[in-house]
Every structure is written in C-alpha cells, then in structure tokens.
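Walk through this chain with the structure open beside you. We start with the rings, move on to the cores, and finish with a loop and a helix.

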Amino acid sequence: DKDPFHLEFIISAKSREHMFELVKRAHYFDGDLESKLPNVAFTGKKTVVYTDRQRNVQVSYVNPVVPAVQEFTVFCQHLSETLEFGRRLEFYRRYQKLALDDELQRMEEMAKDNELAELPAVAPILQSIAKDTSVMNMVRGRALRLLDKAGVRNSFR
C-alpha cells in the first residue's frame, strides 16, 4: 500500500505558454514521432494526450525524433521529478525526518542544474519543513533556499 498523496497546483503562465508553444511546434503530436535509429537506448514509453476544440490526440513514443517533442518530454520529466520530490518530502516530514536532509540536498543539486520545473508547486511542503522546529536547522535552511529559488520565500514570512 502506498500512502495517498494529492497535490493541487496551478502551473505558471510562463510554463503553460512554453508548453503550448512546444505542442504547436510539434504539430500537435501529429505524424511519426519515433526515432528509427538502431540500437537506441530504451528510456521508457511516454504517452501524451492532447485535446482541444479541433483535436483529440493520444500518442506514445520512446525516443522522439521531433525536437519540440524532445523538449516537451524533458519539461514534463522535470515537472514530474519536482512533484515526486514533493511527495517524498511530505512523507519524510511526517515519518522519517532524518531523511529530509539528503532529499533536500538532492533537490537543491537538481534545481541548481535546472533539472526541476515549477518549484512553486511544492512550496507549501517546503514551507512546512522550514517552519518545523523539530527538524535540523540545516534542513530548514535547505528548504528556505529552495523557496528562494522558487521565488516564494517572501510569501512565507
């Protein structure tokens, strides 16, 4: 059994516009997206569903050849990674506070390398860690630095 985790967030206008621009450049996922190169590493099957007033598309791919689809995929993977950090941080804050430091350190490194997207989505969890006096000060400091990177620390105080 997995612990249920629910996170509602609003994606930033900048990211939303960027995603829709990529979808447009990808011709709304129409056509053959898959690379035909032999011996390409299997990186997992991805499925995208796109619906608007004119289109209802569902496409699966492993290694996309279309640059806009590649960029879209990377953005979605970075967003997914951010949300997964949020899920794990919430769990650790409740049940394994000593695991928070390693997790937040990894998160800081990935954020520094621009491998996360939409950090404000996990700001409430980071804020709860930063406020939690039962965790180590260095853990709270990491949470505050990530809130700074997310641009939401001022709303915390």
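Phe20, Tyr28 and Tyr50 make up one aromatic cluster. Keep in mind that the model is predicted. A charge belongs in this picture too: the charged end of Arg55 sits over the ring of Tyr28, 3.6 Å from its centre.

How many aromatic pairs are there? The count comes to five. One of them joins Phe20 to Tyr50, with 6.5 Å centre to centre and 70° between the planes. That pair is edge-to-face. It links distant parts of the chain. Phe20 belongs to helix α1, residues 13-25. Tyr50 belongs to strand β1, residues 46-51.

Is Tyr50 buried or exposed? Its relative accessibility is 12%, which is under the 20% cut-off, so Tyr50 counts as buried. Phe20 has a relative accessible area of 47%. That value falls between 20% and 50%, so Phe20 is partly exposed.

Now take a second ring pair, Phe29 with Phe72. The ring centres are 5.3 Å apart and the planes meet at 65°. An angle over 60 degrees counts as edge-to-face, so this pair is edge-to-face. Phe29 lies in the loop between α1 and β1, while Phe72 lies in helix α2, residues 67-95. The pair therefore ties together parts that are 43 residues apart in sequence. Both Phe29 and Phe72 are buried.

Another charge is found over a ring elsewhere. Arg88 lies over the face of Phe85, at 4.7 Å from the ring centre.

Next, the nonpolar cores. The largest has 24 residues. Which of its members touch the most others? They are Leu89, Leu104, Met107, Leu126 and Ile129. Four helices each supply at least two residues of this core: α2, α3 (100-112), α4 (123-131) and α5 (137-150). The largest share, six residues, comes from α5.

Ile129 shows what such a position contacts. Setting aside residues up to four places away in sequence, Ile129 touches Leu89, Arg93, Leu100, Leu104, Val135, Val139, Arg140 and Ala143. A second, separate core has 17 residues. Phe29 and Phe72 return here, as this core includes them along with Val48 and Tyr61.

Turn to Pro64, in the loop between β2 (56-61) and α2. Why does Pro64 count as buried? Its relative accessible area is 12%, and buried means under 20%, so Pro64 qualifies. Beyond its neighbours within four places in sequence, Pro64 is in contact with Leu33, Ser35, Val69, Gln70 and Thr73. Lys46 is 18 residues from Pro64 in sequence. In space the two are 9.6 Å apart, C-alpha to C-alpha.

Finish with α3. This helix has 13 residues and reaches 18 Å from its first C-alpha to its last. That is close to the 18 Å expected at 1.5 Å a residue. Which residues of α3 are buried? They are Leu100, Asp101, Glu103, Leu104, Met107, Glu108, Met110 and Ala111. What covers the buried residues of α3 includes α2, α4 and α5. After α3 comes Asn114, whose phi is positive, near 55°.

Terms used: Residues are numbered from 1 along each chain as its sequence is written. This is a predicted model: local features need pLDDT of at least 70, side-chain atom pairs count only at pLDDT 80 or more; totals for chains, interfaces and linings use all residues. Side-chain values use heavy atoms; hydrogens and water are left out. Rings of Phe, Tyr and Trp (its six-membered ring) pair if their centres lie within 6.5 Å; planes under 30 degrees apart count as stacked, over 60 as edge-to-face and the rest as tilted. Buried means under 20% relative accessible area, exposed over 50%, partly exposed in between (1.4 Å probe, protein chains only). A charge sits over a ring if NZ of Lys or CZ of Arg is within 6 Å of the ring centre and within 35 degrees of the ring normal. A nonpolar core is a set of buried Ala, Val, Leu, Ile, Met, Phe, Trp, Tyr and Cys residues joined through side-chain atoms within 4.5 Å. Contact means heavy atoms within 4.5 Å. The expected span of a helix is 1.5 Å times one less than its number of residues.
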